[in-house]
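Let's go through this one together, question by question. Have the model open beside you.

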Amino acid sequence: MFKEVKTIAFDADDTLWNNETLFREAERKWAEVMKDYGSLEELSAILYKREAENMEALGFGAKPYLISVLETSVALAGDKLTGSMVGKIIAAGREIIDNPATPYEGVKEALEAIRAKKKYRMVMLTKGDLLDQEHKIARSGLGPLFDRIVITSNKSKKEYQDLCKEEGIAMEEFLMVGNSFKSDIAPVLELGGWGAYIPSQVIWVHEVVEEYPHPRLLKLASMSELPAYL
C-alpha cells in the first residue's frame with residue numbers, strides 16, 4: 001500500500017522505546033508525597049491543568065514536566081512543602097530524565113530490515129527537549145540506522161510540511177510511523193500522507209483523540225509487522 005512512499009519518518013518516544021510509563025510512575029510517586037492534598041486522580045487532574053498552561057512556554061519533555069510538578073506542589077502545599085518532599089519529587093523526575101531508552105523488542109531488527117531494502121530515506125522525528133531527546137537517542141543505539149534525526153518542539157501540520165519540503169518530496173510520498181494518533185497520524189493523513197499507527201499501552205491524556213479508519217492508514221500491533229508492508 002506504500003508504493004509511492006520515498007521517506008519514512010519514525011516517532012521515538014513510545015514507538016521505538018518506552019517513555020510514558022516512566023512519567024506515570026513518577027506521577028504515582030509524586031501523588032504519594034502529596035497524598036494529604038488529594039487522590040492520585042485528583043492530583044493528576046490538577047497537574048495536567050498546570051502542564052497545559054505551561055506548554056506554550058516550556059514545551060514537552062521531562063524537565064517541563066518536573067517544573068509543572070514542582071509548581072503544582074508549591075500551589076497545593078505552600079509553606080508545608082518541605083525539603084524532604086521536594087527531594088523525593090525531584091528524585092522521581094530524575095528517573096524520567098535518566099530513561100535508558102532501551103528499544104522495544106523487534107524494533108532494531110525491523111529498522112534494519114527496512115534499511116536493507118534500500119528503497120527509503122529513514123528519518124527519526126521526535127518532539128521534546130533537545131538535550132533530553134539527544135541523550136535518549138544516544139542511549140538507544142538506534143541513531144546510525146537513520147539517514148536523518150529531527151528533534152522538534154511540536155508535531156503539527158507545519159512540522160510535517162517543513163520536513164517534506166526539506167526532503168524534496170510530496171506529502172503522498174511520506175509515511176509517518178508512530179504511537180500517537182493525535183501527533184503522529186492525524187496531521188499527516190490530513191495533509192495527504194500515509195500513516196502506520198502502532199498504539200502504545202499507555203498514552204498521555206494530552207495525546208488522546210478520537211481515532212478513525214482511513215485508506216492511507218495501517219494499524220499495527222508492533223514495529224515487527226511493518227517491513228512486510230514495504
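Reader: Which residues does glutamate 71 contact, leaving aside its neighbours within four places in sequence?
Author: First, the ground rules: this is a predicted model, where local features need pLDDT of at least 70, side-chain atom pairs count only at pLDDT 80 or more, and totals for chains, interfaces and linings use all residues. Residues are numbered from 1 along each chain as its sequence is written, and side-chain values use heavy atoms, with hydrogens and water left out. Contact means heavy atoms within 4.5 Å. With those close neighbours in sequence set aside, glutamate 71 touches Arg50 and Asn54.

Reader: Where does glutamate 71 sit, and is it buried or exposed, or something in between?
Author: Glutamate 71 belongs to helix H3; helices here are DSSP runs (H or I, at least four residues) and strands are too (E, at least two), numbered from the N terminus. Buried is under 20% relative accessible area, exposed is over 50%, and partly exposed is in between (1.4 Å probe, protein chains only). Glutamate 71 has 30%, so it is partly exposed.

Reader: What about serine 68, buried or exposed?
Author: Serine 68 is in helix H3 too. Leaving out residues up to four places away in sequence, serine 68 touches Leu47, Arg50, Glu51 and Asn54. Its relative accessibility is 2%, so serine 68 counts as buried.

Reader: Which side chain makes a polar contact with the side chain of serine 68?
Author: A polar contact is a pair of N or O atoms within 3.5 Å; within protein, one must be able to donate a hydrogen and the other to accept it, and residues adjacent in sequence count only if both atoms are side-chain atoms. At 3.0 Å, the partner of the serine 68 side chain is that of asparagine 54.

Reader: How are H3 and H4 oriented to each other, roughly parallel or antiparallel?
Author: Axes are lines fitted to C-alpha atoms, for helices over the stretch in contact, with angles from 0 to 180 degrees between N-to-C directions. The axes of H3 (residues 62-77) and H4 come within 9 Å and cross at roughly 160 degrees. Angles under 35 degrees count as roughly parallel, over 145 as roughly antiparallel, 65 to 115 as roughly perpendicular and the rest as oblique. H3 and H4 are therefore roughly antiparallel.

Reader: And H1 with H4, roughly parallel or antiparallel?
Author: The axes of H1 (residues 20-33) and H4 (residues 83-97) come within 8 Å, crossing at roughly 175 degrees. That makes the pair H1 and H4 roughly antiparallel.

Reader: Which residues of H1 make that contact with H4?
Author: On the H4 side, the contact uses Met85, Lys88, Ile89, Ala92, Glu95 and Ile96. From H1 come Leu22, Phe23, Ala26, Lys29, Trp30 and Val33.

Reader: Which side chain makes a polar contact with that of lysine 127?
Author: Lysine 127 lies in strand E2 (residues 121-127) and is buried, at 15% relative accessible area. Its side chain makes the polar contact, at 3.2 Å, with the side chain of serine 183.
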